[in-house]
Every structure is written in structure tokens, then in C-alpha cells.
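Visitor: I am new to this structure. Please show me how to read a few of its features.

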Amino acid sequence: MPTDRSARTHARPRDHVVVGLATGHLSPLELAIPAEVFGYPYDWRPSPWYDFRLASAGPDGEPISVFGGFDLTAHHGLDALEHADTVVVVPTYDRAETAEPVVEALRAAHARGARLVSICSGTFVLANAGLLDGRRATTHWWYTDELAARFPTIDVQPDVLFVDDGDVLTSAGSAAGIDLCLHLVRLDHGAAVANTMAKALVVPPHRDGGQAQYIDHPAVPDPVGHGLTDVMAWALEHLDDDLSVDLLAERAALSPRTFARRFRQEIGTTPHQWLTRQRIDRARHLLETTDLSVEQVAHDVGFGSAQSLRSRFKELVAIAPLDYRRQFRHEPAA
């Protein structure tokens, strides 16, 4: 019979506990996002993974009212936050007030080191609890002016998909919640696992948090028939080439100035910033799934030199390439 020490040594690592917090009348879509990402039993998930729990801020057993004419019952109450590694606050119709027990539970969870996340108007719950004071944050663009007016100490970012402010992360509405949840998977398990999750959800593997929430001006149809989508797809197949705005514009049959303007309008970022992000994502995948040297990875993704890759990688991922490999090295998920 094994000793207690040997039993502990071979015990399965504990899953990361994610608590979805419902504080009132809520949207089924935005509740389903964290439940799907962190709670669905995908057969390819690594170990440890996530242990998702839905918690209600209301009295025990009281149904949670959901838009669309139905109710649901959570298996947990606010005490679930005492064991949470991550708390995801789902949107609520009531942005004006947050019940004191919810405020106290969130503050206590944050104080002991839990990661706090909000989707859409769930940002107001964190703001009402004073947990966004002095921080960068975002919410659905419908509500950014209200958030800035009511909470002047918050650095409101009105035109981004999500904001990662370390241990507190906020997102815009609906689909941006998927982007933020995939961002968390990428932080916890690496790019290959996050990309596999994105394929399972049939969504783009990575939309940068700084991408615009919506486009003010509809794109003008390209009279030549070359959309930006074709140019971007071609660029992804040629990341190791010297890709300039002039070259991409030529393939799109546009002038460099018109191409850059349309790219910003349609994609929400500049061609250079988009290319850098794609190269970093490709580098992350290669570091996780191959034994290529940093020099070879840099060449294969178009950075030219290991020093250039290290500089940009540390700037955008906040860790050196080899440290990233040591943390996330694994065989790609099936």
C-alpha cells in the first residue's frame, strides 16, 4: 500500500476552478460562452484542465431569470468564489447596483489571488465593487460612455475587444467574450491548445484584444474583386517572406495608402500590427510543437533574426521564447 507521500506524488493535478457568476437577469449567449470553453468535456483537453461551476448571487435554489423566456438553476452560491481560481462575471441587465454580498465575495476572491474576468456589462459588477479603480477596462460599446461617466477613475478603452490588465480582465459584448476566454486558454495552456479550442468552436483562433469592437464605416466593395481576405490568407502562407505594405497593396490591386486605410477600417488594426501578431502566433505554435531553434523559428515566421523575435515576443507575450517553450512544450492536440 503506498504511503501518503507517494499517493500525493502520483495524484492527478488539480483542475483550475472557474466559477461563472450570475448576478441577475442575464443573456443565455454570454453565459454559454464560459460554460462551453471551460466546462465542455472535450476529449482532447489536457490535464489538468478546468472545473467549471455556475454560481448564483441569489438565494439558494432560486431560479436565475434568462432572456428568452426561461429560467435555470445554479448548483452553487457565492461560497463557490472561495475556491475559485478564476471568476467570470456574466452580463446582467442591472448595471446600476451590485448587492453587497456579491461585492464582498468578489473582493475576497481577488484579495486571495483569484483572477477576475467580466464579459460585456459584467464589467459594471467589477466596477461597482471598486475592483477596476485605476485600471484599464472595457465593456460593450453601447455602455462605454456610461462606464466612463460613472467611474472616472477607470481608464475606459472604448474600441477594443478585451483588456488584459493582469489579474483583472474585461471584454466587450458577446463574441468578444469568446476572444477573451480563448485568450485565457492561451495563457494557461498555450497557443496550440487555444487553436484547437477555436477549431472546436468554429471561430478564428486569435483576434487580438486591441482590435476594434465594430467598424464605423462599411467597407467599399473592391471593384477588382480582390478582397482583403484573399490577401491576408496569402500573407499567412508567406510569413517567412519580406512582407511590406506595398507588396500586400499590390496583391490587393490598391494603392498602399488606400490599402492601409481599408485594412484599418475592416480589420481594426494596421497591416504591420496584424502581421506582427500572426508571426508571434506562428512562433508560439512552433515553440510548443517542434524542437526548432529560436533562430530557425525567427526565420520561419519572418522576423529575420533571433534577437528580433526575442524582442517582439517578450513585448507581446511577456516572456522569453525559450521560457515559453519550457512552459508550454507538448505534442499538438488531436
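Guide: This is a predicted model. Begin with helix 11, residues 271-289: its 19 residues, at 1.5 Å a residue, should span 27 Å, and its end C-alpha atoms are 27 Å apart, which agrees.

Visitor: How many of the 19 residues of helix 11 are buried?

Guide: Helix 11 is mostly covered, with 15 of 19 residues buried.

Visitor: At what angle do helix 2 and helix 6 pack?

Guide: Angles under 35 degrees count as roughly parallel. Helix 2 (residues 28-39) and helix 6 (residues 175-189) pack at about 25°, their axes 9 Å apart, and are therefore roughly parallel to each other. Their crossing is right-handed.

Visitor: Which residues make the contact?

Guide: Helix 2 contributes Ile-33, Pro-34, Val-37 and Phe-38, while helix 6 contributes Gly-177, Ile-178, Cys-181, Leu-184 and Val-185. By class, eight of these residues are nonpolar, one is polar and none is charged.

Visitor: What should I look for in the backbone of the loops?

Guide: Most peptide bonds are trans, and most residues other than glycine have a negative phi. Here the bond from Ser-47 to Pro-48 is cis, with omega near 0°. Pro-48 lies in the loop between helix 2 and strand 2.

Visitor: Is Ala-318 buried or exposed?

Guide: Over 50% relative accessible area means exposed. Ala-318 has 64% relative accessibility, so it counts as exposed. Ala-253, at 37%, counts as partly exposed.

Note on methods:
Residues numbered from 1 in each chain as written. Predicted model: local features only at pLDDT ≥ 70, side-chain atom pairs only at ≥ 80, totals over all residues. Heavy atoms only, no water. Axes fitted to C-alpha atoms, helices over the stretch in contact; angles between N-to-C directions. Helix = DSSP H or I, 4+ residues; strand = E, 2+ residues; numbered from the N terminus. Parallel < 35°, antiparallel > 145°, perpendicular 65-115°, else oblique. Left-handed = near helix turned anticlockwise from the far one by under 90°. Contact = heavy atoms within 4.5 Å. Nonpolar A, V, L, I, M, F, W, Y, C, P; charged D, E, K, R; others polar. Expected span 1.5 Å × (residues − 1). Buried < 20%, exposed > 50% of the residue type's maximum accessible area, 1.4 Å probe, protein only.
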